[in-house]
Amino acid sequence: MSQLKINGKTYGFKEGSTLLECAKENGISIPTMCFLKETGALTSCFICVVEVEGKTNLIPACAAKAEDGMVVVTDSNKVKEARKKALELLLSDHTGDCLGPCHLGCPAHINIPKFIEELRRGDNKAAITTIKKSVALPAVLGRVCPEICEKVCRRKEKDSAVAICHLKRYAADLDLASGAPYLPFVEKSTGKKTAVIGGGAAGLTAAYFLRQFGHDVTIFEKNEKLGGGLRYGMKAERLSEKVLDKEIAQVLKIGITVRVKTEIGRDIRLKELLESFDAVFFASGWNNEVFDMFKKEGLAADPAGPKINRATHETNIKGVFAGEKTTLAVRASAIGHFAATAINNYLKGLSLEYEKRPFSVKMGKVSKEELEILSKGASESKRLLRSIVDNVIVKENPGEERVPFLRGETFEESKRCLKCACRKEKTCLLKKYSIEYGAKTEAYKGAKRGFSQDVKKTGIVYESGKCIMCGICVKISNKNKEISGFTYIYRGFNTRIDVPFDKKIDKVMEKTAEECVAKCPTGALAKM
Amino acid sequence: MQSGNKNNIDLSIVERIVSETGKDKSKLLPILQKVQKHFKYLPEEALLRICEITEISQAELAGVATFYTQFRHKIVGKHIISVCHGTACHVKGAEYITDAVRRYLKLKDGEDTDVNNMFTVEKAACFGCCTLAPVVKIDGVTYGKVTGRFVPEMIDLFLRRKAQNPEKNKPEAKESYVKGKVIIKIGLGSCCVAGGSKDVKDAFDKYIADNSLEAVTKRVGCVGMCHSTPFVEIAGSNNEPVFYVGVNVDDVKIICDKHLTSSTPMKRLVNTVKKGLDRISFNYYDRPEQADSIKLEEGGECAFLQPQKRIVLENSGEVDPLDLNEYRAKGGFKALEKAVKNMKPGEVIEQVKISGLRGRGGAGFPTGVKWETVRLSKSLGGKKYIICNGDEGDPGAFMDRMLLESYPYRVIEGLTIAAFAIGIDEGYFYIRDEYPLALENIEKALAECEKAGVLGENILGSGFSLKLHTFRGAGAFVCGEETALIASIEGKRGMPNFRPPYPAEKGLFGRPTNINNVETYASVPWIIKNGGTAYAGIGTKRSSGTKVFALAGKVERGGLIEVPMGTTIREVVEGIGGGVKKGRKFKAVQIGGPSGGCVPEVMADLPIDFEEITSTGAIMGSGGLVVLDDTDCMVDFARFFLEFIQNQSCGKCTFCRVGTKRMLEILEKLCKGEGSVSDIDRLEELGRDVKIGSLCGLGKTAPNPVLTAIKYFKEEYIAHTKRKCPAKKCKELIKYSVNDKCIGCTLCAQACPSDAITARPFEKHEVDQEKCIKCDSCKAICPSEAIDVTT
């Protein structure tokens, strides 16, 4: 049997098999986007490149046949760097948003497009699940949040932003009012103990997520009640205690211990805490008193805030974490969630760094024409600024007097979403490998394709700006003898894959549209 | 693509074309070419009809029709003005010409056809008339050495000609060379024609007929002395031949009067009288009284010809390219005869191996080894193909065009010997669309060969048969890559495939295929005739034999030359080419076109050899040599090649499709003075990435022009980051102004297309910087060197 060497190890191989097949058979993973068994090697994406001894160029593993005595390297720096570059070049001509601008813009990165779609479907359970994956207190945030997400909502460029904050509040209120409000899944106990200092938005959120990770959590609150700034720094008409209490109770339900009227530095010292807790998180807000307490407990800080590693929230003392100063509840929420992630990584012995800003290609500002295309599926109606019930203008009546959406209104408002986010964000190979190889979305700037969208009545969407020219759909439609199937058009940087003669895909692609959607490695071909 | 403006497209024409051409996929390109020939563009209705009546799907058709540059999808004007943007034309100001044409036709941005629908302007890749740069073609008529100022006159001239001479298509008169008559040999390669030789020949014919002179004109192939075209040789039966260079229509009369006599005494008398009258009426104001003949043994012509060794270009300027008898009389087809009658196929391959001949297409793969591989490749039923790669796409190269036009029989003979040695009975000449005369000559030559029994069934009674077809390319540089070329013949987009399998194992229609370049085949007859050892004795150890180069650019004597391998670049540029213009400095030579690079003057003593050239970062390529002087900007030059490559990329691989685009964008930034030093580093880094991460030769070599330019001329790149263009070429970084030498003649003001100079007679002129479009018109016309360009 013929043999070859991959990454220093010798393997036998079947005559005629490609390097990609060989590697796969032996458990060595090589990334590829344009290769499929049924379509054969198309050698277009070039991320499957490997080094072959004796060749100056990198070789696409999908097409190169294994030869006796070949020496192949699949994981050298040269290879990784080339894959990263190929991905970055593809990203530089990839038009779309992996995540909606609202999703990225929200400090807590709530998957807004997803919960809006769930609300549109009338599935409140799903909506609250989506929301509570990122925040612990949505009913509260739905009342106090300055709507940062709405400032970047693309619908704003057309008329006005989708009432995201109001929709979130609707979902949260409905959930709390239901007989069985949403409770997250709590992982098996890890036996680790964590202390959270401060029971405000950051502390409650951190506790909520730390508990879900399976850790024991105790909140230390100096005041009589939990809530921090939400309780003691908020006008009552903005946020009623009733709502706050209800939502905090819901958080605590998953098994969080609370010690109120306990102040660090006065009632208990950090040193003592560290004897009984594996990790401590300071979510104590920031003022002169806290600054003094930090100094007293030996924590590095300056008047502007605690001195921490911004990527991990670590302080100068091992096992002690702290959140940066903020005055916004939503930002505090985000800090709580991120710190909980870092602490969990710390307790599980993983790398402490977590993704602060999720990976996403951004379309940025769109042209009028592009906006027009994006708006096609959305409802034309204006933002519901006033309630149909009693004609009270929302802006003039902040806080608790804000009139909540009714069921029908929620439905109407949710239809206004332009759905900027990619439909295949979860399965996109370009995204997957970009994260894996650390490819940056804006490593190369230059001319980019415009946004376009072609929708088939059967609910299939083709967005050519997201196409990486892999050629899989061309091969599939050709193989199945579509009368008018996908084809390459033009040459050079202007090369596109599209249906011929400026036709719309609705008129063509009778047999293979579904298959092409399933095989398309990116969100170029997707289901509505 | 323009969707159906129902122009009453007569679909019966499409049906007729299909029934004549065939219905299978491989007929797609010829069908589209014929449809376009009829409609001047590809109407959508016609394309859809093709799909209905052939095996070709809409997807396949649309893919192909949008891939090749030749195909147009919009209605065009009555006439097409193609401005050549090849390398030589670029360095000689093709950009100014395009601008001038567009201004003359009053075209707005984004438009390419004038309001009267008379003219459509196109940029052409390269016509291979590099020594006449810049070149413009209007329909079939080529104009060389065009200037911006000449543009209105050129268009006017074209229209007047058209009116006088509506579609004259008279068959070529068959010349008979009677002994005793004076033979006037005129080169009729397409360069020469562009230089006016067809007009000169017509003038000779007319003058001879009108005056019943004892002479005939004879069409001969390229002499190679393109710098002095039209080139005329007067070969008497008794006298030594006399040569004239740069002959003009007006010279015809003078030359005839000097050398020829009339056939009858009466005519002679009439002529004498006429001569006298002409002397009175003829305007000799700006022409010398006599055209001066030259001697090939002395002066520049000698320097040009003497160092050359002509194997591939044997008998240049002597024989009629299409006269098979003449070719045979000079020893043509003797090599084929020797091969098929006295040698075994293996012996032929052995001789080629001994000769050390390496592929002249650029990569330098040993020819004999390739032939042997194809010979040993197994194929069902034994079917194999042979292809002559005549898709000479490098802008700045025209060797293959010249060979196909001037020495069609030699190429056919070489290819036939190869087919015999390998055991192939069918093949193709793939000739690029921009070379109509080459295609025409090959087609005619093939027909002649079949008639004479040196091609077709049972060649020379040997039992060996070979059927050869021609295939016209459709405008795609990448089709010079062998797998793309094969895809193109098969009727597909010219997208390369991963090798192996090499065409030698799995090529055209899945069969083992031998592909060589034109010059490679043309070298074969000499090798077979004289033996491999004799050939190996020429040139260097690793690179044997001779190499044909197309010498053009900023060189005094450009042309088609053939030198033994090992000759230095300096010998070629300064010896044969006579160096750059007086007062200018030889800066670099671009070798290998878009896949090659710039070899700086300091390295000009490098011997020409595959390995030596590669060591500089350039490649031998197919043989384009474009000489650059100190007025050529290396940043702009790199941008020029990258722009070309970017347009030509088949679009398949990531690095080539997107990578070269990003490189081009950085170069554009640098040319505008907006780049930084880190951009240069990034450019180099990207260049290296594209090189190692591309599938085919196009991508693998695409960064070469950029990388060599940075390697040897980094200071120029750095200057651009400081908003300076040392060569004073980049428009955004230069300024035109008038110095004190101005004599106030107002010529510049008249020439200025943007009214940036006000005509104030006898006063020093001024350039309004706001209005100046940097078209160079003022500088070109100024009689007193009063226009300064500063950076």
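Predicted model: local features only at pLDDT ≥ 70, side-chain atom pairs only at ≥ 80, totals over all residues.
Biologist: Thanks! How far apart are the centres of domain 1 and domain 3 of chain A?
Modeller: Domain 1 of chain A covers 3-75, while domain 3 is written in two pieces, 193-230 and 252-339. Taken over C-alpha atoms, the separation of the two centres is 51 Å.

Biologist: What box do the C-alpha atoms of chain A fill?
Modeller: Chain A has 528 residues, of which 50% count as buried. Its secondary structure comes to 20 helices and 17 strands. Along the principal axes, the C-alpha atoms fill a box of roughly 75 × 60 × 40 Å.

Biologist: Which residues in H17(A) does H4(A) meet?
Modeller: The crossing of H4(A) and H17(A) is left-handed. On the H4(A) side, the residues are Ile116(A), Leu119(A) and Arg120(A); on the H17(A) side, they are Thr410(A), Phe411(A) and Ser414(A).

Biologist: Where is Leu244(A) found, and is Leu244(A) buried or exposed?
Modeller: Leu244(A) is found in helix H12 (residues 241-252) of chain A. Beyond its neighbours within four places in sequence, Leu244(A) has contacts that include Val140(A), Gly227(A) and Leu230(A). A residue needs 20 or more other C-beta atoms within 10 Å to pass the cut-off. Leu244(A) has 21, so Leu244(A) is buried.

Biologist: What is the C-alpha to C-alpha distance in space between Leu244(A) and Thr39(A)?
Modeller: In sequence, Leu244(A) and Thr39(A) are 205 residues apart. In space, C-alpha to C-alpha, the value is 57 Å.

Biologist: Which element gives the most to the side of chain A that touches chain B?
Modeller: In this pairing, 41 residues of chain A are in contact with 36 residues of chain B. Helix H2 (77-92), helix H19 (472-479) and strand S15 (487-489) of chain A each supply at least two residues of that side of chain A. By class, the side has 22 nonpolar, 13 polar and six charged residues. With six residues, the element that gives the most is H2(A).

Biologist: Over to chain B: how many residues of domain 4 are in contact with domain 3?
Modeller: Domain 3 of chain B spans 182-301 and domain 4 spans 324-536. Domain 3 brings four residues to this contact, and domain 4 brings six.

Biologist: What covers the buried residues of H10(B)?
Modeller: In helix H10 (residues 249-259) of chain B, the buried residues are Asp251(B), Val252(B), Ile254(B), Ile255(B) and Cys256(B). Their cover includes helix H9 (197-210), strand S7 (232-235) and strand S8 (242-244) of chain B.

Biologist: What is omega for the cis peptide bond that joins Thr229(B) and Pro230(B)?
Modeller: Pro230(B) sits in the loop between strand S6 (215-220) and S7 of chain B. For the cis bond from Thr229(B) to Pro230(B), omega is about -10 degrees.

Biologist: And what is omega for the peptide bond from Arg499(B) to Pro500(B)?
Modeller: Pro500(B) lies in the loop between helix H20 (482-489) and strand S13 (513-517) of chain B. The bond from Arg499(B) is cis, with omega near 0 degrees.

Biologist: Last one: is Glu785(B) buried or exposed?
Modeller: Glu785(B) is in the loop between helix H32 (777-781) and strand S20 (787-790) of chain B, and has a positive phi of about 50 degrees although it is not a glycine. A residue with 12 or fewer other C-beta atoms within 10 Å falls in the class in question. Glu785(B) has 10, so Glu785(B) is exposed.

Key: Residues numbered from 1 in each chain as written. Chains lettered and ligands numbered in written order. Domains from an automatic or database assignment. Left-handed = near helix turned anticlockwise from the far one by under 90°. Helix = DSSP H or I, 4+ residues; strand = E, 2+ residues; numbered from the N terminus. Contact = placed C-beta atoms within 7 Å. Nonpolar A, V, L, I, M, F, W, Y, C, P; charged D, E, K, R; others polar.
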